[in-house]
Amino acid sequence: MTTSDSAAWTRAVRLTQIVTVPQTFALLEGQTAYMHRHGFDVTAISSAGPFQAHFVAREPVRLLTVEMPRRITPFQDLRAVAELVRALRHIRPDIVHAHTPKGGLLGMIAATVARVPVRVYHMRGLPLMTATGARRRLLTWSERLACGLATRVLCVSHSLRQYAIEQGLCAQDKIITPLGGTGNGIDAFGRFHPDQPAGDVARRRDALRKRLGIPSDAIVVAFLGRLVRDKGVVELADAWQGLRAQYPNIHLLVAGPYESQDPVPPQTRARLEGDGRVHMLGQTDDARGVYAAADIVTLPTYREGMPNVPLEASAMRLPVVATQIPGCVDAVVHGVTGLLVPVANSAALGAAIGEYVADPVLRARHGTAGRERVLREFDRERIWAATLAQYAELLKTPMEHFIARTATDGADTTRGIPLPTPVS
């Protein structure tokens with residue numbers, strides 16, 4: 001375990017956030033500063049990685065490093081739990097808040113052993129949804145254990161919460177979804193504002209299209225996410241073949257890294273990379289630029305907790321085509337902010353995207369409705385306040401205790417500052 005001296009303990013309420021990989025800190029952008037202003041000293045724990053520096057430079061947080069493999073590795077996992085227990089006994093937090101399945105499992109075990117009084121597991125997605133056989137049984141057991149050890153389980157979407165209850169992963173009275181869902185809300189007034197600063201979106205649109213050789217009048221479909229099978233990349237590639245033949249003026253932007261776990265088949269990768277109208281951007285921190293260059297966003301994923309991409313796209317007034325699965329059904333209102341299609345159905349995916357390609361009025365109407373919904377239901381500060389209310393309830397402390405502290409604290413200086421795209 002290593003430590004940085006970026007912050008000192010100054011307040012009574014100690015909050016420790018645990019994630020496995022530091023990219024996931026993007027899911028806490030701005031929230032850490034909000035909690036700090038409301039009377040929390042925050043420590044963040046993750047495996048080592050360059051994204052740690054991004055997070056600690058932008059948020060008032062003390063950082064600890066404990067290596068936690070994303071895959072199930074019994075001996076390394078035991079070592080990680082021991083390191084976490086040692087760290088928590090040193091920090092003596094009032095609350096441990098652990099995220100993602102692996103971070104949740106290790107964090108809840110360690111927090112229980114260390115006798116942390118309030119243990120929050122944040123259910124952000126369930127890999128067991130697409131698993132089979134022994135792996136599914138193991139993942140089901142680990143979720144039940146994490147939920148059982150938690151004092152409270154927060155869930156990023158109402159549909160995922162319902163799935164968890166139906167599968168017997170968590171007791172109904174222990175798991176809640178704050179407000180409309182998501183774990184951090186959407187920065188619709190900063191990073192994902194289509195009108196501010198003035199002219200920024202148009203400049204980004206022109207710059208990226210010029211760099212990639214995309215005509216200014218082309219219709220651009222964008223995919224943002226990890227390039228793996230369960231994000232629907234195979235179906236997207238299949239649907240694209242029909243779309244490119246039917247509409248000679250469309251281009252496809254693909255932003256995200258290839259991964260070795262659940263890899264895209266070599267032939268699918270070759271088809272995408274060999275197509276002159278497909279533009280492979282790889283890992284990018286400029287999601288705003290991708291949205292600016294796009295006219296339509298698609299996420300044909302097999303499983304989600306509550307995907308941020310459709311909500312970010314909606315905030316940028318873009319229509320979305322996604323799959324009709326838990327999580328996506330919360331992020332996209334079919335026929336209002338986007339279109340939902342059956343999972344693993346390339347024909348339906350292509351037809352839905354084609355509807356938007358052929359109808360600019362429909363694109364504009366659904367894009368406008370999407371932004372209005374994000375502003376209404378997924379405002380970041382309301383989500384943060386709802387999370388703080390959970391902390392207050394679990395600490396048996398009136399909300400007024402925390403609200404009163406804001407009068408002497410500074411303004412939120414993190415709004416609009418981007419962090420790397422999270423790995424989910």
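This is a predicted model: local features need pLDDT of at least 70, side-chain atom pairs count only at pLDDT 80 or more; totals for chains, interfaces and linings use all residues.

Me: Then how do helix α4 and helix α5 pack, roughly parallel or oblique?
Reply: Helix α4 covers residues 101-113 and helix α5 covers residues 133-149; their axes lie 9 Å apart, at an angle of about 45 degrees.

Me: Moving on to the nonpolar core: which helix gives the most to the largest one?
Reply: That core has 75 residues, and Ile-45, Met-123, Leu-224 and Tyr-291 touch the most other members. With seven residues, the top giver is helix α3 (residues 74-91).

Me: How many residues are in the second, separate core?
Reply: Its members include Ile-219, Leu-236, Leu-243 and Val-357. The count for this second core is 28 residues.

Me: What does Tyr-291 contact, leaving aside neighbours within four places in sequence?
Reply: Tyr-291 is among the members of the largest core that touch the most others. Its contacts are Phe-192, Leu-224, Val-297, Val-309, Glu-312, Ala-313, Met-316 and Leu-318.

Me: Now the sheet of six strands: which are its edge strands?
Reply: The sheet is open, its pairing is parallel, and the order is β11-β10-β9-β12-β13-β14. On average, neighbouring strands are turned by 20 degrees against each other, direction ignored.

Me: Which residue of β14 stands opposite Val-320?
Reply: Strand β13 spans residues 320-323 and pairs with β14 in the parallel sense over four bridges. Opposite Val-320 you'll find Gly-338.

Me: At what angle does helix α7 run to β11?
Reply: Helix α7 (residues 200-212) lies across β9 (219-224), β10 (250-255) and β11. Its angle to β11 is about 110 degrees.

Me: Is Ser-314 buried or exposed?
Reply: Ser-314 is found in helix α11, residues 308-315. Leaving aside neighbours within four places in sequence, it is in contact with Val-320, Gly-367, Gly-370, Arg-371 and Val-374. The cut-off for buried is under 20% relative accessible area. Ser-314 has 2% relative accessibility, so it counts as buried.

Me: In strand β4, which residues point the other way from Arg-62 and Leu-64?
Reply: In a regular strand the side chains alternate between the two faces of the sheet. Strand β4 covers residues 62-65, and all four side chains mentioned here are buried. Arg-62 and Leu-64 point one way; pointing the other way are Leu-63 and Thr-65.

Me: And which residue stands opposite Arg-62?
Reply: Strand β3 (residues 40-46) runs parallel to β4, and four bridges join them. The residue opposite Arg-62 is Thr-43.

Me: Last one: how far apart are the C-alpha atoms of Val-153 and Asp-41?
Reply: Val-153 lies in strand β7 (residues 152-155), and at 0% relative accessibility it counts as buried. Along the chain, Val-153 and Asp-41 are 112 residues apart. Their C-alpha atoms are separated by 21 Å.

Methods: Residues are numbered from 1 along each chain as its sequence is written. Side-chain values use heavy atoms; hydrogens and water are left out. A nonpolar core is a set of buried Ala, Val, Leu, Ile, Met, Phe, Trp, Tyr and Cys residues joined through side-chain atoms within 4.5 Å. Buried means under 20% relative accessible area, exposed over 50%, partly exposed in between (1.4 Å probe, protein chains only). Helices (H or I, at least four residues) and strands (E, at least two) are DSSP runs, numbered from the N terminus. Contact means heavy atoms within 4.5 Å. Two strands pair if DSSP finds at least two bridges between them. Axes are lines fitted to C-alpha atoms, for helices over the stretch in contact, and angles run from 0 to 180 degrees between N-to-C directions.
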